[in-house]
Amino acid sequence: MNTGKNEPGSWSAHAAAPNTHNRMLELVTTHLGAPQGLRVCDLPCGAGSFSRRLGDAGMDVTSVDIEAVSPFYFDESKRVLADANFALPFEDGQFDAMVTIEGIEHLENPSFFLRECARVVRKGGWIFLSTPNVDSFRSRKYVFGRGHHRYFTPREDGSKDSGHVHPIDMCFMRQAAAKTGLSWVETSVNKIVGRSMFKEFLRPWMTRKLPSYMQGEIPFYGDVIMYVLRKD
């Protein structure tokens, strides 16, 4: 999510981690079935690259971010400016699905944001959400060696790199989803990276005290974790 002013041309066309857009599009099209004409909100949309991919798949996309960055790679007439720290400017049940790629960790109140996502999605609708995978072996190694999660490097001014605020772990997401009335459908990662015999040897020991749903390859591997949730 964009958190500051940008000069024209300074915003990356693809700011997400490698393979995040590809994997998220696979999840969206798999679970939505025939997506033609479905109303989908893409928040935060950044430069609009993923909005364009959703639109190319036939979806009616509303792109949302806090600032009108330039260049924008989707239809600017479908861009809405809004601060997701507050109530979203949409009616209850307005969308068939919400896609939020690496945005929730930027927000002051992640639980409130998830409730807003659920509010603006119709009953039976979908929420596809990704965030840096702080439960991964790689991020846990960062905590051990550097004292902070990967992608959450503290800075002297009291902020964190990339505008990140809250590391979102799987336990939080499961609890927040349940409290919001969302069913847990699927968990994925942008890609399984760094797997080795040594890490597989360590995995049972390092995850032995975690809940059973956290003891598999996901979330142990993968830089970005993705959640597929459905509104009951």
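Trp184 is partly exposed, with a relative accessible area of 25%, where buried means under 20%, exposed means over 50% and partly exposed lies in between (1.4 Å probe, protein chains only). This is a predicted model, in which local features need pLDDT of at least 70 and side-chain atom pairs count only at pLDDT 80 or more, while totals for chains, interfaces and linings use all residues. Residues are numbered from 1 along each chain as its sequence is written, and side-chain values use heavy atoms, with hydrogens and water left out.

Tyr227 is buried, at a relative accessible area of 1%. Trp184 and Tyr227 form an aromatic pair that is edge-to-face, with 5.1 Å from centre to centre and 65° between the planes; rings of Phe, Tyr and Trp (its six-membered ring) pair if their centres lie within 6.5 Å, and planes under 30 degrees apart count as stacked, over 60 as edge-to-face and the rest as tilted. The pair links distant parts of the chain, since Trp184 lies in strand β6 (residues 182-189) and Tyr227 in strand β7 (residues 224-231), 43 residues apart. Helices (H or I, at least four residues) and strands (E, at least two) are DSSP runs, numbered from the N terminus.

## Other aromatic rings

The structure holds 5 aromatic pairs. In one of them, the rings of Phe90 and Phe95 have centres 5.0 Å apart and planes at 80°, so this pair is edge-to-face. Phe90 is buried, with a relative accessible area of 10%, and Phe95 is buried as well, with a value of 3%. Ring pairs also link Phe137, Phe220 and Tyr221 into a cluster.

Strands of a sheet pair through backbone hydrogen bonds, either parallel or antiparallel. Here an open sheet of 7 strands has the order β3-β2-β1-β4-β5-β7-β6, with mixed pairing, and two strands count as paired if DSSP finds at least two bridges between them. The edge strands are β3 (79-81) and β6, each of which pairs on one side only. Strand β1 (residues 39-42) and strand β4 (residues 95-101) pair in the parallel sense over 3 bridges, and the bridge partner of Val40 in β4 is Ala97.

## Helix α1

Helix α1 (residues 20-32) packs on the sheet, touching β1, β4, β5 (121-132), β6 and β7, and its direction makes about 160° with that of β5. Contact means heavy atoms within 4.5 Å, while axes are lines fitted to C-alpha atoms, for helices over the stretch in contact, and angles run from 0 to 180 degrees between N-to-C directions. The buried residues of α1 include Met24, Leu25 and Val28, and its buried residues pack against β1, α2 (49-56), β4, β5, β6 and β7.

Thr30 is found in helix α1 and is exposed, with a relative accessible area of 58%. After α1 comes Gly33, whose phi is positive, near 70°.
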